[in-house]
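Look over the sequence and the model first, then read on.

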Amino acid sequence: MNIAAEAPALYRTIRAMDGQIRESGLDPALLHLVKLRASQINGCAFCVDMHAQEALEIGVPAQKLHLVAAWRESPIFTTKERAALRWTESLTHISATGAPDDDYEAARAAFDTPELAMLTVAIGAINMLNRMGVAARLQHPIREGG
């Protein structure tokens, strides 16, 4: 299913929101880590591939990307990245977590209120995009050497 072709006005709106998130002032590397982690949880291979590739292109170290799924056990992540990844997991698994107060407080301690609002919107947006990607059966490209 080609959602962009079948619902073009809605798709343009979603892409515009994604563009505003990219221009929000949040660190692009942090955004890619958040998008990568949510995409891993949601099983969207297309999005996992895209965000890993885009993160590499802006200079995020490959080792950090390899460790996103095990961020709690790795010292490579900053306090701010840890808070963002924790909030990402909490909101992505919201039916199971209920977005616990301690996850919120950790995010609130690492981000000012406008940043936390933007981060929360970014997490919601990637979850929506993951669901669309999985529903549409998007396939990631196979790159040379892949």
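Leucine 30 is buried, at a relative accessible area of 5% (buried means under 20%, exposed over 50%, partly exposed in between, with a 1.4 Å probe and protein chains only). The residue sits in helix H3, residues 28-42. Helices here are DSSP runs of H or I with at least four residues, strands are runs of E with at least two, and both are numbered from the N terminus.

This is a predicted model: local features need pLDDT of at least 70, side-chain atom pairs count only at pLDDT 80 or more, and totals for chains, interfaces and linings use all residues. Residues are numbered from 1 along each chain as its sequence is written, and side-chain values use heavy atoms, with hydrogens and water left out.

What does leucine 30 touch, leaving out residues up to four places away in sequence? Leucine 30 touches Lys80, Glu81, Ala84 and Phe111, where contact means heavy atoms within 4.5 Å. Leucine 30 and alanine 84 are 54 residues apart in sequence, yet their C-alpha atoms are 7.8 Å apart in space.

Alanine 84 also belongs to the contact between H6 and H9. Helix H9 packs against H2 too. The two pairs are listed below. Axes are lines fitted to C-alpha atoms, for helices over the stretch in contact, and angles run from 0 to 180 degrees between N-to-C directions.

| Pair | Axes | Angle |
|---|---|---|
| H6 (residues 79-92) and H9 (residues 113-135) | within 10 Å | roughly 50° |
| H2 (residues 8-22) and H9 | 10 Å apart | about 140° |

The angle makes H6 oblique to H9. Angles under 35 degrees count as roughly parallel, over 145 as roughly antiparallel, 65 to 115 as roughly perpendicular and the rest as oblique. H6 passes H9 in a right-handed crossing; the near helix is then turned clockwise from the far one by less than a right angle, and anticlockwise in a left-handed crossing. On the H6 side, the contact includes Lys80, Trp87 and Leu91. H9 contributes residues including Leu119, Ile123 and Arg131. The contact residues divide into six nonpolar, four polar and three charged. Nonpolar covers Ala, Val, Leu, Ile, Met, Phe, Trp, Tyr, Cys and Pro; charged covers Asp, Glu, Lys and Arg; the others, Gly among them, are polar.

H2 and H9 are also oblique to each other. H2 passes H9 in a left-handed crossing. Tyr11, Ile14, Met17, Asp18 and Ile21 of H2 meet Val121, Ala122, Ala125, Met128, Leu129 and Met132 of H9. This contact has ten nonpolar residues, no polar and one charged.
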